[in-house]
Amino acid sequence: MIESLKDPETYRRQSKECWQKNTSYWLSSPLRHVTDVGEYIVDNVIKICSRTQSSRPTIVDMGFGSAWLYQSLQRRAFSCNYVGLDSNEYFVNHSRKQFATDKFCRFELVDLEEPINIDIRADVVVNAFTFFELSDLHQPMMNAYSLLSSGGSLMISTIDCTYLILAVSNSWSEFFENLARYEKLSGVKYT
C-alpha cells in the first residue's frame, strides 16, 4: 500500500532492512531497469566523458548496487576512473572483492542522505535509479554537486512513479487503489 512518509528515520531503517534481504537477488539476477535502459545510460556517460579534456575521466556512481555501470564500461573498454558509492555494505564488499586487482576503481560505503566528505572531483556523477528511494533529496543533491568538477555533469535516471506503483501492486484492483492513494495522500509517498 502507498503511504505518506511521515517518519524518515523509520523509513530509512525499513529500507535498509529490505535491501539486506534483497542483496543476493540484485547481485545475481538480470535487473529489469538495467536491461531496459542500461545501455542508454552507458552511451550517455561515454558521450558526456568525450566532451571532457581528460583521457581518463572520473565517474562517480551514486548508489552503484551491482556495479553494472562499471561492468558495462569495462565491456566497452572505456578508460575511466570509477568511484562507486553505496549505503549497502554487502554491495560494497562484493564489488571490492570482485574488482580487487583493478586500480582504476574503488567502492565506498556512504549514506547518500548524509554529507559526503570524499576528495573526488568527477567529470560525471551518475545517479541511476537511486534518488527515488531516498527519504529526502536535499542532501543527496548537495552531495552530487560537491562531487562534480568544474564543468562536470550530473546524470540522473529514474523510474516513473506509475511503473513503481504497478510493480508493488498484486492485482489490477490494488494498482488502481494505489494510484488513488498516491493522488490523494499528501507529501512524499512510499511503499
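Predicted model: local features only at pLDDT ≥ 70, side-chain atom pairs only at ≥ 80, totals over all residues.
1. Two strands count as paired if DSSP finds at least two bridges between them, and strands (E, at least two residues) and helices (H or I, at least four) are DSSP runs numbered from the N terminus. Residues are numbered from 1 along each chain as its sequence is written, and side-chain values use heavy atoms, with hydrogens and water left out.

2. Now the sheet as a whole. Five strands form an open sheet in the order E4-E3-E2-E5-E6, with parallel pairing. Strand E4 (105-109) and strand E6 (148-157) are the edge strands; each has a single partner strand, so one side of each lacks a neighbour in the sheet. From one strand to the next the twist averages 20°; here axes are lines fitted to C-alpha atoms (for helices, over the stretch in contact), and angles run from 0 to 180 degrees between N-to-C directions.

3. All five of the five residues in E2 (residues 58-62) are buried, so the strand is largely enclosed by the rest of the structure. Buried here means under 20% relative accessible area, exposed means over 50%, and partly exposed lies in between (1.4 Å probe, protein chains only). Thr58, Val60 and Met62 point one way from E2, while Ile59 and Asp61 point the other way.

4. Both partners of E2 can be followed through Ile59. On one hand, E2 runs parallel to strand E3 (residues 81-86) and is joined to E3 by five bridges; Tyr82 is the bridge partner of Ile59 in E3. On the other, E2 also runs parallel to strand E5 (residues 122-128), with three bridges, and there Ile59 has Val124 as its bridge partner. Val124 in turn stands opposite Ser153 in E6, within a parallel E5-E6 pairing of six bridges.

5. Five of the six residues of E3 are buried, leaving the strand mostly covered. Five bridges link E3 to E4 in a parallel arrangement, and Tyr82 has Cys105 as its bridge partner in E4. E3, helix H4 and E4 make a right-handed β-α-β unit; a crossover is right-handed if, with the strands pointing away from the viewer, the path from the first strand over the helix to the second runs clockwise. H4 (residues 89-98) lies across E3 and E4 and runs at about 160° to E4.

6. How do the helices pack? Helix H2 (residues 32-50) and H3 pack at an angle of about 60°, and their axes are 10 Å apart. The H2-H3 crossing is right-handed (a crossing is left-handed if the near helix is turned anticlockwise from the far one by less than a right angle, and right-handed if clockwise). From H2, the residues Val34, Gly38, Glu39, Ile41, Val42, Val45 and Ile46 meet Trp68, Leu69, Ser72 and Leu73 of H3, where contact means heavy atoms within 4.5 Å.

7. The axes of helix H6 (residues 161-168) and helix H7 (residues 172-184) come within 9 Å and cross at roughly 135°. H6 and H7 are therefore oblique to each other: angles under 35 degrees count as roughly parallel, over 145 as roughly antiparallel, 65 to 115 as roughly perpendicular, and the rest as oblique. H6 passes H7 in a right-handed crossing. On the H6 side the contact is made by Cys161, Thr162, Ile165, Leu166 and Val168, and on the H7 side by Glu174, Phe175, Asn178, Leu179 and Tyr182.

8. Finally, two backbone spots to check. Ala77, in the loop between H3 and E3, has phi near 55°, a positive value in a residue other than glycine. Phe129, in the loop between E5 and helix H5 (138-147), has phi near 65°, again positive in a residue other than glycine.
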